[in-house]
Amino acid sequence: MASKRMFNKSVVRTDSFLDMPLSGQALYFHLCLDADVKGFVSPRATMRMLDAKEDDLKILIAKGFLIPFDSGVIVVTHWNVHNTIREDREAVSQHDEVKLLVTSE
């Protein structure tokens with residue numbers, strides 16, 4: 001897992017983001033930190049670490065900051081806005097099977 005992440009102010013300084021409770025905002029930042037190189041993450045461990053509530057996750061999904069999958073994995077919607085990586089530096093996502101669902105829809 002990468003140890004560096006970027007956040008773009010065009011996403012996290014919007015009214016939609018800032019109108020969320022601080023607990024939801026914190027969950028978003030921590031999920032972004034825990035996500036793999038393509039923005040996929042299993043949220044439950046992060047939620048337990050923060051003592052985040054299910055409502056925090058639901059609000060992030062409802063506002064379009066996260067996309068959930070039936071497998072329990074989520075993807076950060078604005079991942080490419082936050083983290084643009086040169087193609088020669090890209091690594092393989094551990095959730096490539098879920099990524100295929102996203103690109104086929």
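This is a predicted model: local features need pLDDT of at least 70, side-chain atom pairs count only at pLDDT 80 or more; totals for chains, interfaces and linings use all residues.
Good morning. Read along its sequence, the protein chain runs α-α-α-β-α-α-β-β-α-α, which amounts to seven helices and three strands. Helices here are DSSP runs of H or I with at least four residues, strands are runs of E with at least two, and both are numbered from the N terminus.

Residues are numbered from 1 along each chain as its sequence is written, and side-chain values use heavy atoms, with hydrogens and water left out.

Of the 105 residues in the protein chain, 34% are buried; buried means under 20% relative accessible area, exposed over 50%, and partly exposed in between, with a 1.4 Å probe and protein chains only.

Let us turn to two residues. Cys32 lies in helix α3, residues 22-34. Is Cys32 buried or exposed? Cys32 is buried, since its relative accessible area is 1%. Beyond its neighbours within four places in sequence, Cys32 is in contact with Arg5, Phe7, Val76 and Trp79, contact meaning heavy atoms within 4.5 Å. His82 stands 50 residues from Cys32 in sequence, and their C-alpha atoms are 9.3 Å apart.

Asp56 belongs to helix α5, residues 54-62. Asp56 is also buried, with a relative accessible area of 7%. Setting aside residues up to four places away in sequence, Asp56 touches Ser23, Gly24 and Leu27. Asp56 and Ser23 are 33 residues apart along the chain, with 6.6 Å between their C-alpha atoms.
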